[in-house]
Structures are given as structure tokens and as C-alpha cells.
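Visitor: Please take a close look at one helix for me. I would like to know how it sits against the rest of the chain.

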Amino acid sequence: MKKGEVALLTIAPEYAFGSSESKQELAVVPPNSTVYYEVELVSFVKEKESWDLNTQEKIEAAGKKKEEGNVLFKAGKYLRASKRYEKAVKYIDYDTSFSEEEKKQSKALKVACNLNDAACKLKLKDYKQAEKLCTKVLELESANVKALYRRAQAYINLADLDLAELDIKKALELDPDNREVKLEYKALKEKIKEYNKKEAKFYGNMFAKMNKMDSGDSSKSAAKEPEPMSIDSKA
């Protein structure tokens with residue numbers, strides 16, 4: 001939209017007030033209602049691109065996006081929150097021109113944003129991306145318990161149980177009393193136990209079939225009588 005432009009927005013029930021009645025300031029919206037809004041764009045502020053900002057402005061912009069992401073995450077809007085965290089990291093991705101103090105601030109923001117973004121990805125069931133984000137955090141802070149815990153959750157959902165166990169064990173070494181990590185490890189051990197049972201059953205059935213086939217072939221060979229040798233009458 002351009003400044004001064006008016007638009008009519010049509011919002012389906014699932015994106016408006018859903019299946020519940022909603023009391024608004026000017027009206028009561030019945031359940032499952034399609035809602036229409038007439039919107040005028042009065043003004044807007046165009047954000048500066050990262051290359052137009054100095055180093056301190058980049059850190060401030062990243063901090064602002066992080067806070068916006070936190071608000072969206074708490075509201076359960078994980079996709080939008082994820083985009084805010086990604087935008088925050090873009091502001092401070094290249095920090096070679098930062099001072100030592102700014103690099104410390106930048107690192108702390110990167111760690112927080114990537115961790116929060118990983119939490120969003122887990123909620124959105126994008127486990128591969130969650131694993132990558134946690135790995136980025138661990139490249140900056142190898143002893144980050146939250147990153148190990150969330151990467152383990154991603155690995156579990158990707159069926160990489162051995163890698164999940166390594167991360168969980170390391171997290172418990174760093175923080176033995178962490179309740180969430182302990183519960184995750186308990187659930188992981190149950191999954192490993194279940195997986196081993198299924199694997200044993202699969203290989204047991206496979207070997208049983210192979211043995212059955214081998215014994216069948218042996219029976220056929222034993223039952224077949226040898227043919228008599230022909231005699232040369234001209235000898």
C-alpha cells in the first residue's frame with residue numbers, strides 16, 4: 001500500500017476470531033465469522049538496511065528485533081517470531097568492524113537469537129533447521145546447555161538417537177540438576193529401548209526366513225535320487 005491508500009481486507013474466521021464469539025468495542029462478532037476491515041495507510045517508517053547503519057545502530061536494531069521476536073513467541077506466533085530472530089542476526093552477522101565490546105554484545109545477541117529461533121523451529125517441526133541453529137550456538141559457546149538440549153530434541157525427532165544421547169549426556173555433565181534435560185534423557189532411553197526391540201525383531205524375522213529357505217533347499221536335495229549311469233553296450 002502507498003501512503004493515503006485505502007484497502008478492504010477480508011479475513012477468514014481461522015485468522016480472525018475463530019469458533020468463539022468475541023466482544024469488540026463496537027460490536028459482538030459471532031462464532032466462525034468472516035471479518036471485513038477498511039484500512040487506510042496513514043504513515044509508515046521504512047527501516048534502514050543494515051549497510052546504512054553504524055555498528056552501534058546495528059546492535060540496537062538487532063536487540064529490538066529480538067524483543068519483537070520474544071513477544072511473538074510468547075503469543076504462540078512462532079513463524080513470525082522466527083523471522084524476527086533471523087532479521088536480528090542479519091544485522092550483526094558480519095562484525096569484523098565492531099569494537100571488542102561490540103563484539104561481546106553481538107555474540108550474546110547471536111547466541112540468544114539463534115537459541116530462540118531454534119525453539120521456534122522445534123515448535124514448527126522444522127527439526128533440521130533447529131539442529132543447524134543449535135550447532136551455530138555451540139560453535140560460539142561449546143558448553144551452552146540450552147543449545148545441547150534443543151539440538152538433542154531435534155536429533156530425536158530426526159531419529160538420530162546416538163547423536164541425541166551424546167548431546168544429552170554432555171548437557172547433564174555441565175548441569176547435572178537440570179530437570180528438563182533429565183526428563184528428556186529418560187524419554188530418550190525409552191525410545192532407544194523401543195528401537196532396539198524393533199531392530200532385534202526385524203533381524204530375528206529375517207534370519208528365521210533365511211533358515212527356513214536353507215532347510216527347504218536341503219530337503220529337496222536329499223529327496224532327489226541320483227540317476228543310474230548308462231552302460232555302453234558296445235564295450
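Guide: Start with the inward side of α6. Leu 161, Ala 164, Asp 167, Ile 168, Ala 171 and Leu 172 are its buried residues. Viewed down the axis of α6, these residues fall within an arc of 135°, so they line one face of the helix. On the other side, Asp 162, Leu 166 and Glu 173 are exposed. This is a predicted model.

Now the helix itself. α6 covers residues 161-174, 14 residues in total. From first C-alpha to last it reaches 20 Å, close to the 20 Å expected at 1.5 Å a residue.

Next, the packing. The largest nonpolar core has 20 residues. Ala 164, Ile 168, Val 181 and Leu 188 have the most contacts inside it. Elements giving two or more residues to this core are α3 (100-123), α4 (127-140), α5 (145-157), α6 and α7 (179-223). The largest share, seven residues, comes from α5.

A second, separate core has 15 residues, including Leu 53, Ala 61, Phe 98 and Cys 113. Cys 113 has 1% relative accessibility, so Cys 113 counts as buried. Cys 120 is at 0% and therefore also counts as buried. The structure holds zero disulfides.

Conventions
Residues are numbered from 1 along each chain as its sequence is written. This is a predicted model: local features need pLDDT of at least 70, side-chain atom pairs count only at pLDDT 80 or more; totals for chains, interfaces and linings use all residues. Side-chain values use heavy atoms; hydrogens and water are left out. Helices (H or I, at least four residues) and strands (E, at least two) are DSSP runs, numbered from the N terminus. The expected span of a helix is 1.5 Å times one less than its number of residues. Buried means under 20% relative accessible area, exposed over 50%, partly exposed in between (1.4 Å probe, protein chains only). The arc is that of the directions from the helix axis to the C-beta atoms. A disulfide is a pair of cysteine sulfur atoms within 2.5 Å. A nonpolar core is a set of buried Ala, Val, Leu, Ile, Met, Phe, Trp, Tyr and Cys residues joined through side-chain atoms within 4.5 Å.
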